Amino acid sequence: MTIPFLAWLYPWTKALHIIAVIAWMAGLLYLPRLYVYHCETAPGSETSERFKVMERRLYKQIMLPAMMATFVLGIMLALTPGLVDWHHGWMHVKLLAVLLLAGFHGAAGRWRRDFLHDRNTKPQKFFRIANEVPTLLMVVAVVMVVVQPF
Ligand code: HEM
């Protein structure tokens, strides 16, 4: 199913989609890095409380709206005539990477609440490794949509 009117909007939809993706990815890459540093602080300390404010603002004011914009604009692109041939595999793989990114976003939100209530038990190493996950998923999503290898 496609919507003919969206062909007229296409360059703007794609530009805004890329802008939204950049903002969402910035948050997905930076939030786990904040958790790495937050692990080093004592619960209740002034530094820990400052991290909580930074984490809340990043998550609620940047990542959440950027994720929603990425999805709405991405769906608009998928409904634009002539862009996606669903018989090819690349779009399915891209959507899988996007779903996993959304899952990571949800997990990052749960870790934020743990820090907020001073009940994080995960070690710093966990967040260092978690930090790499969105990078890998982003590489898959971008290669699929640009190279369209299959
Ligand atoms: C619901 C989520 C998403 C959907 C349905 C979606 C769908 C699409 C579609 C249909 C296009 C147009 C392809 C074309 O012009 O031929 C596109 C472009 C693009 N998407 Fe997404 N996308 C989503 C999320 C994402 C995410 C999470 C990323 C990166 C992490 C991403 C990166 C890009 C990039 C870089 C382009 C521009 C490719 C080009 O220049 O041709 N998208 N997307």
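Modeller: A residue is buried when its relative accessible area is under 20%, exposed when it is over 50%, and partly exposed in between. The model discussed here is predicted.

Colleague: Is Val36 buried or exposed?

Modeller: Val36 is found in helix H1, which covers residues 5-38. Its relative accessibility is 0%, and the limit for a buried residue is under 20%. Val36 therefore counts as buried.

Colleague: How far apart are the C-alpha atoms of Val36 and Ile129?

Modeller: Val36 belongs to helix H1. Along the chain, 93 residues separate Val36 from Ile129.

Colleague: What pattern does the chain follow along the sequence?

Modeller: The chain contains five helices and zero strands. Its C-alpha trace spans about 55 × 25 × 20 Å along the principal axes. Read along the sequence, the pattern is α-α-α-α-α.

Colleague: What percentage of the residues in the chain are buried?

Modeller: A buried residue has under 20% relative accessible area. The chain has 150 residues, and the buried ones make up 35%.

Colleague: How much space lies in the largest pocket?

Modeller: The largest pocket holds about 780 Å³ of space. Its lining has 30 residues, and the closest to the centre are His17, Gly74, Leu77, Lys94 and Val145. To repeat the volume, the figure is about 780 Å³.

Colleague: Which helix supplies the largest share of the lining of the largest pocket?

Modeller: Helices H1 (5-38), H2 (46-78), H3 (90-116) and H5 (133-147) each give the lining at least two residues. The largest share is eight residues, and these come from H1.

Colleague: How many residues of the lining of the largest pocket are charged?

Modeller: Asp, Glu, Lys and Arg count as charged. In the lining, 24 residues are nonpolar and four are polar. The charged residues number two.

Colleague: How many residues of the shell around the ligand are nonpolar?

Modeller: The ligand is surrounded by 24 residues, of which the closest are Tyr10, Lys14, His17, Val21 and Lys94. H1, H2, H3 and H5 each contribute at least two residues to this shell. Four residues of the shell are polar and two are charged, while the number of nonpolar ones is 18.

Colleague: How far is a nitrogen atom of the ligand from an N or O atom in the side chain of Lys94?

Modeller: A polar contact is a pair of N or O atoms within 3.5 Å. An oxygen atom of the ligand is 2.7 Å from a side-chain N or O atom of Tyr10, and an oxygen atom of the ligand is 2.9 Å from one in Lys14. For Lys94 the ligand atom is a nitrogen, and the distance is 2.6 Å.

Colleague: Where does Asp118 lie?

Modeller: Most residues other than glycine have a negative phi. Asp118 has a positive phi, near 55°. With 40% relative accessibility, Asp118 counts as partly exposed. Asp118 lies in the loop between H3 and helix H4 (124-130).

Colleague: What is the relative accessible area of Gln148?

Modeller: Gln148 is not a glycine, yet its phi is positive, about 45°. Its place is in the segment after H5. Gln148 is partly exposed, with a relative accessible area of 38%.

Colleague: How far apart in space are Ala97 and Phe115, C-alpha to C-alpha?

Modeller: Ala97 is found in helix H3 and counts as buried at 3% relative accessibility. Ala97 and Phe115 are 18 residues apart in sequence, and their C-alpha separation is 27 Å.

Colleague: What distance in space separates Asn131 and Met68, C-alpha to C-alpha?

Modeller: Asn131 sits in the loop between H4 and H5. With a relative accessible area of 8%, Asn131 is buried. It is 63 residues from Met68 in sequence, and the C-alpha distance is 21 Å.

Notes. Residues are numbered from 1 along each chain as its sequence is written. This is a predicted model: local features need pLDDT of at least 70, side-chain atom pairs count only at pLDDT 80 or more; totals for chains, interfaces and linings use all residues. Side-chain values use heavy atoms; hydrogens and water are left out. On a 1 Å grid over the protein atoms alone, a cavity is a set of points where a 1.4 Å probe fits but cannot get out, and a pocket is an open set with protein on both sides within 12 Å along at least five of seven lines; lining residues have an atom within 4 Å of a point. Grid points are joined across faces, edges and corners, and a volume is the space filled by probe spheres set on the points. Helices (H or I, at least four residues) and strands (E, at least two) are DSSP runs, numbered from the N terminus. A residue is near a molecule or strand if one of its heavy atoms lies within 4 Å of it. A polar contact is a pair of N or O atoms within 3.5 Å; within protein, one must be able to donate a hydrogen and the other to accept it, and residues adjacent in sequence count only if both atoms are side-chain atoms. Buried means under 20% relative accessible area, exposed over 50%, partly exposed in between (1.4 Å probe, protein chains only).
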